[in-house]
Amino acid sequence: MTMEQLMGMMQGLQEAMAASKAEQERMQEDLAASQARNDELHRANEELRRGWRDVYEPEAASPPRELITPLSQAILETAIPNTFTGPKVTFTGMEDPEAHLTAFHT
């Protein structure tokens with residue numbers, strides 16, 4: 001291999017290294033931009049979640065209703081068998097919630 005060929009090979013490698021370095025810098029910039037966008041979306045998502053909680057999970061608007069039952073504590077503490085199926089009363093949101101709870105408890 002001649003000196004001229006070695007010099008040409010070295011120059012080609014230097015050019016490839018420079019191109020690789022430029023590509024790496026571009027990729028780093030893209031990554032930084034993606035991370036910034038991800039952080040922005042994360043903040044927006046948290047704001048939406050806080051808004052969702054304010055609308056759909058109001059803080060104790062009314063105290064929870066206590067279930068009045070004629071059943072003894074022993075009955076209430078009895079284990080429910082795995083074969084038990086609960087009541088088939090469904091709530092679609094279109095009916096009166098109080099009437100639904102009454103039907104459910106019955």
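Glu23 is partly exposed, with a relative accessible area of 36%; here buried means under 20% relative accessible area, exposed over 50%, and partly exposed in between, calculated with a 1.4 Å probe on protein chains only.

Good morning, colleagues. The structure before you is a predicted model, in which local features need pLDDT of at least 70, side-chain atom pairs count only at pLDDT 80 or more, and totals for chains, interfaces and linings use all residues. Residues are numbered from 1 along each chain as its sequence is written, and side-chain values use heavy atoms, with hydrogens and water left out.

First, confidence. The chain has a mean pLDDT of 83, and 86% of its residues reach 70 or more; pLDDT is the predictor's confidence in each residue, from 0 to 100. Among the elements, helix 1 has the highest mean value, 90, whereas helix 2, residues 73-76, has the lowest, 80. Where pLDDT is low, the predicted coordinates should not be read in detail.

Next, the overall architecture. The chain holds three helices and zero strands, in the order α-α-α from the N terminus. Helices here are DSSP runs of H or I with at least four residues, strands are runs of E with at least two, and both are numbered from the N terminus. Of the 106 residues, 1% count as buried. The accessible surface of the chain comes to about 10200 Å², and 59% of that surface belongs to carbon and sulfur atoms; these areas come from the Shrake-Rupley method with a 1.4 Å probe, and for residues only the protein chains shown count as cover.

Let me turn to the salt bridges. How many salt bridges does the structure hold? There are three, a salt bridge being a side-chain nitrogen of Lys or Arg within 4 Å of a carboxyl oxygen of Asp or Glu. Arg26 pairs with Glu23, with the closest N and O atoms 2.5 Å apart. Both residues belong to helix 1 and are three residues apart, about one turn of the helix. Arg26 also forms a salt bridge with Asp30, where the closest N and O atoms are 2.6 Å apart. Arg26 and Asp30 are four residues apart in helix 1, again about one turn. Arg26 is partly exposed, at 38% relative accessible area, and Asp30 is likewise partly exposed, at 39%.

Further along, the side chains of Arg37 and Glu40 meet in a salt bridge, at 3.0 Å from N to O. Arg37 is partly exposed at 42% relative accessibility, and Glu40 is partly exposed at 42%. Arg37 and Glu40 both lie in helix 1, three residues apart, about one turn of the helix. By contrast, salt bridges that share partners join Glu23, Arg26 and Asp30 into one network.

Now to the nonpolar surface. Which residues form a nonpolar patch on the surface? They are Met1, Met3, Leu6, Met7, Met9, Met10 and Leu13, with about 780 Å² of accessible area together. Patches are made of residues with over 30% relative accessible area and no salt bridge; like charges are joined within 9 Å, and nonpolar side chains (Val, Leu, Ile, Met, Phe, Trp, Tyr) within 5 Å. Met3, one of these residues, lies in helix 1, which spans residues 3-56. Met3 is exposed, with a relative accessible area of 61%.

Leaving aside residues up to four places away in sequence, His100 touches Val89, Thr90 and Phe91, where contact means heavy atoms within 4.5 Å. Gly86 lies in the loop between helix 2 and helix 3 and is partly exposed, at 34% relative accessibility.

Thank you for your attention.
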